[in-house]
Amino acid sequence: MKKITSLLLVIILIFAFAACSNNAKNENETLLSVTENQSVSTEPTSENISSAGKTLVVYFSASGNTENAANYIAKATNGDVFEIAPKNAYTDDDLNWRDESSRVNYEHENESARDIELVSATVSNWDSYDTVFIGYPIWWGIAAWPVDSFVKANDFTGKTVVPFCTSTSSGLGDSGKLLAAMAGKGNWLEGERFSSNVSEDTVTAWINELGL
């Protein structure tokens, strides 16, 4: 009787061990399947590839209005900022367009004088930026010409470029298209004109609409 009981216990233990082994195998296979599925789901898509690129906000500001807009854009896009600074900075008198003898009036009347030397016309790690915003005030219906020197000095191949301007009354006009023609390369978007006292909320809403 004891021998029969012992034999039955051995048989029960064998079946129990086999069942545990099958369960462990099934659990391992399930875990592997989940892991493989997760690996597939995290493969880059066209959407997150485009959003992974770095953003640069470049601007020239005569009175601080464009600088404010540029900083709002940088905040909304988590972008870097680069200021276009003329080596010979503009004074308030230089910017007085009502004075016929002022610097901006002279440069407007003499196109050859618009070749403005900049403190720096190039940006460190330029190739790492996929999207470039370029901001400026509107002067006589076009982009303030210090921006021209920056555009001419850089290669916009493969970059999405978004012009923006600030003005009290003038629109964007053809300023962005003229800069695009000057650059000759890059995917230049339509751009946007902001009022001189534009709010951060307005700029952020525009950035969201772009969907970059």
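The buried residues of helix α5 pack against β1, β2, β3, α6 (175-183) and β6 (187-188). Packing here rests on contacts, meaning heavy atoms within 4.5 Å. Helices (H or I, at least four residues) and strands (E, at least two) are DSSP runs, numbered from the N terminus. This is a predicted model, in which local features need pLDDT of at least 70 and side-chain atom pairs count only at pLDDT 80 or more, while totals for chains, interfaces and linings use all residues. Residues are numbered from 1 along each chain as its sequence is written, and side-chain values use heavy atoms, with hydrogens and water left out.

Start with α5 itself. It spans residues 146-153 and is mostly covered, with six of its eight residues buried. Buried means under 20% relative accessible area, exposed over 50%, and partly exposed in between (1.4 Å probe, protein chains only). The buried residues of α5 are P146, V147, D148, S149, F150 and V151.

Now move to strand β1, one of the elements that α5 packs against. β1 covers residues 54-59, and five of its six residues are buried. It pairs with two strands. Two strands pair if DSSP finds at least two bridges between them. Six bridges join β1 to strand β3 (residues 129-139), and the two run parallel. Within that pairing, V58 stands opposite I134. β1 also pairs with strand β2 (residues 80-83), again in the parallel sense, over four bridges. There, L56 has D80 of β2 as its bridge partner.

A salt bridge is a side-chain nitrogen of Lys or Arg within 4 Å of a carboxyl oxygen of Asp or Glu. D80 is partly exposed, with a relative accessible area of 32%. K54 is partly exposed too, at 36%.

The side chains of K75 and E200 meet in a salt bridge at 3.1 Å, N to O. K75 lies in α3 and E200 in helix α7 (residues 200-210), 125 residues apart. K75 is exposed, with a relative accessible area of 61%. E200 is partly exposed, at 28%.

Salt bridges that share partners join D94, R103 and E107 into one network. The whole structure holds five salt bridges.

Finally, step back. The protein has seven helices and seven strands. Along the sequence they follow the pattern α-α-β-α-β-α-β-β-α-β-α-β-β-α. Of the 212 residues, 35% are buried. Among contacts between residues at least 6 apart in sequence, 76% join residues at least 24 apart. The accessible surface comes to about 13100 Å², and 51% of it belongs to carbon and sulfur atoms. Accessible areas come from the Shrake-Rupley method with a 1.4 Å probe; for residues, only the protein chains shown count as cover.
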